[in-house]
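Work through the exercises below with the coordinates open. Try each task before reading its solution.

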Amino acid sequence: MTNPDDTIFNVEREVEDKVGKLYVLQGNKPIEVKELHAGDLGALAKLTDARTGDSLATKAFPILYGKNEISKPYTYKAYKAKNKDEIDKLAQALARIGAEDLTVKTVNDSENRQMLIYGMGDLHLDVIASRLLNEYKVEMILEKPRVAFRETIRKTSDVEYKHKKQSGGHGQYGHVKMRFSPSDDMTVPYEFVQEVVGGTVPKNYYPAVDKGLQDCCAKGPLAGYPVVGVKAVLYDGSYHPVDSSEMAFKIATVGAFKKGFMAASPVLLEPIVSLKVVVDDTNTGDVMGDLNKRRGRVLGMNPQGGGKTEIVADIPQMEIYGYSTDLRSMTGGTGTFSYEFARYEQAPADICQKEIEAAAKEEA
């Protein structure tokens with residue numbers, strides 16, 4: 001039995017807390033009571049250290065209950081504060097909501113310069129936005145998230161680039177001849193190989209060339225996405241005993257990379273996820289048809305028993321957006337799905353063109 005002003009022990013965090021008022025809840029109406037007994041469902045006000053899932057007991061009998069299995073959120077959107085001066089306020093409010101609701105998760109997607117919020121469905125995310133506005137007085141804007149594309153090349157190019165600048169005093173001189181080709185290793189941005197003969201490019205400038213490649217691969221010349229799977233070979237060039245410098249060779253490398261990359265049949269790679277959908281047997285046809293529309297490839301179907309079937313498919317990550325709502329509509333709310341990243345594949349030409357045009361508009 002628990003009474004007001006009792007001291008309870010948070011077994012999870014090993015701290016004590018004072019019980020304030022006790023309530024039972026009827027809808028959204030709290031009714032104050034004098035005590036709660038074993039088996040009662042009640043509410044305690046103003047607990048300072050308790051979080052969702054913690055076990056509360058007495059210090060004399062510290063019972064640690066098993067953790068509930070929390071569903072993993074797969075629906076996500078990009079978000080931002082409507083007013084820039086409320087960014088910190090929004091972050092604090094989301095942290096509090098996340099402590100209450102463990103199916104809410106926020107992620108800083110630095111690669112695409114966006115903040116992501118994960119939930120159990122589009123409606124769940126809309127409810128969070130409504131709570132932020134009504135309870136915390138901060139407005140959150142939800143948007144379609146950007147997808148983490150990659151850039152690579154399909155052919156070989158051989159380029160030469162000379163950086164030469166004279167402006168009084170010491171000038172700048174860097175000259176490189178380089179070959180670019182696919183490395184067939186999509187796990188690393190680039191592979192740098194030196195095949196210079198006769199010291200036409202001194203060894204002390206090799207690190208500058210490497211740094212130039214590193215900077216270029218962070219933001220590719222096609223649409224501004226990270227570059228993967230490129231082999232860069234420095235095989236010749238020239239230098240000036242006075243005007244050459246590490247910066248000059250770095251600038252020359254950047255110019256050579258942009259020129260060589262665009263001449264080697266550049267393409268965009270899109271992330272592919274492995275998707276598993278569990279639905280009633282009667283809904284398998286509709287779900288598979290929808291996956292085909294989303295450019296998905298159905299790999300198999302596994303009977304789950306109880307009239308359920310698991311559909312396994314590979315599907316572009318960008319086609320997952322809005323899937324929770326569509327699946328709920330197709331299955332009357334009974335379908336569930338999960339996915340995980342699988343690999344990168346070359347994106348279709350029309351998708352590539354849209355991303356390139358969007359990047360060009362942002363640069364303009």
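**Exercise 1. Find which residues Asp-210 touches, leaving out those up to four places away in sequence.**

Step 1. Apply the contact criterion: heavy atoms within 4.5 Å. Asp-210 then touches Tyr-190 and Phe-192.

Step 2. Asp-210 belongs to helix H3. Helices (H or I, at least four residues) and strands (E, at least two) are DSSP runs, numbered from the N terminus.

Step 3. Check exposure. Buried means under 20% relative accessible area, exposed over 50%, and partly exposed in between (1.4 Å probe, protein chains only). Asp-210 has 27%, so it is partly exposed.

Step 4. Take one C-alpha distance. Glu-191 is 19 residues from Asp-210 along the chain, and their C-alpha atoms are separated by 9.4 Å.

The model is predicted: local features need pLDDT of at least 70, side-chain atom pairs count only at pLDDT 80 or more, and totals for chains, interfaces and linings use all residues. Residues are numbered from 1 along each chain as its sequence is written, and side-chain values use heavy atoms, with hydrogens and water left out.

**Exercise 2. Describe the largest nonpolar core and say which element gives it the largest share.**

Step 1. A nonpolar core joins buried Ala, Val, Leu, Ile, Met, Phe, Trp, Tyr and Cys residues through side-chain atoms within 4.5 Å. The largest one has 36 residues.

Step 2. Met-178, Phe-180, Leu-213, Leu-234 and Phe-257 have the most.

Step 3. Assign elements. Those giving two or more residues include strand S13 (172–182), strand S15 (230–238) and helix H4 (246–262). The largest share, six residues, comes from H3.

Step 4. Look for another core. One of 19 residues lies apart, with Leu-116, Tyr-118, Tyr-323 and Tyr-339 among them.

In soluble globular proteins, nonpolar side chains tend to be buried together.

**Exercise 3. Classify the ring pair Tyr-76 and Tyr-118: what is its geometry?**

Step 1. Search for pairs. Rings of Phe, Tyr and Trp (its six-membered ring) pair if their centres lie within 6.5 Å; planes under 30 degrees apart count as stacked, over 60 as edge-to-face and the rest as tilted.

Step 2. Classify. The centres of Tyr-76 and Tyr-118 are 5.0 Å apart and the planes lie at 25 degrees, so the pair is stacked.

Step 3. Locate the rings. Tyr-76 is in strand S7 and Tyr-118 in strand S9 (residues 114–119), 42 residues apart. Both are buried.

Step 4. Check for a charge over the ring (NZ of Lys or CZ of Arg within 6 Å of the ring centre and within 35 degrees of the ring normal). Lys-105 places its charged end over Tyr-118, 4.8 Å from the ring centre. Arg-179 lies over the face of Tyr-235, at 4.7 Å.

**Exercise 4. Is strand S18 largely enclosed or open, and which strands does it pair with?**

Step 1. Count buried residues. S18 (residues 308–316) has eight of its nine residues buried, so it is largely enclosed by the rest of the structure.

Step 2. Find partners (pairing needs at least two DSSP bridges). Strand S16 (residues 266–280) runs antiparallel to S18, joined by nine bridges. Strand S17 (residues 297–305) is also antiparallel to S18, over seven bridges.

Step 3. Val-277 faces Ile-311, and Val-298 has Ala-313 as its bridge partner.

Step 4. Inspect the turn. Two residues separate the strands in the hairpin of S17 and S18, where Gly-306 takes a positive phi near 65 degrees.
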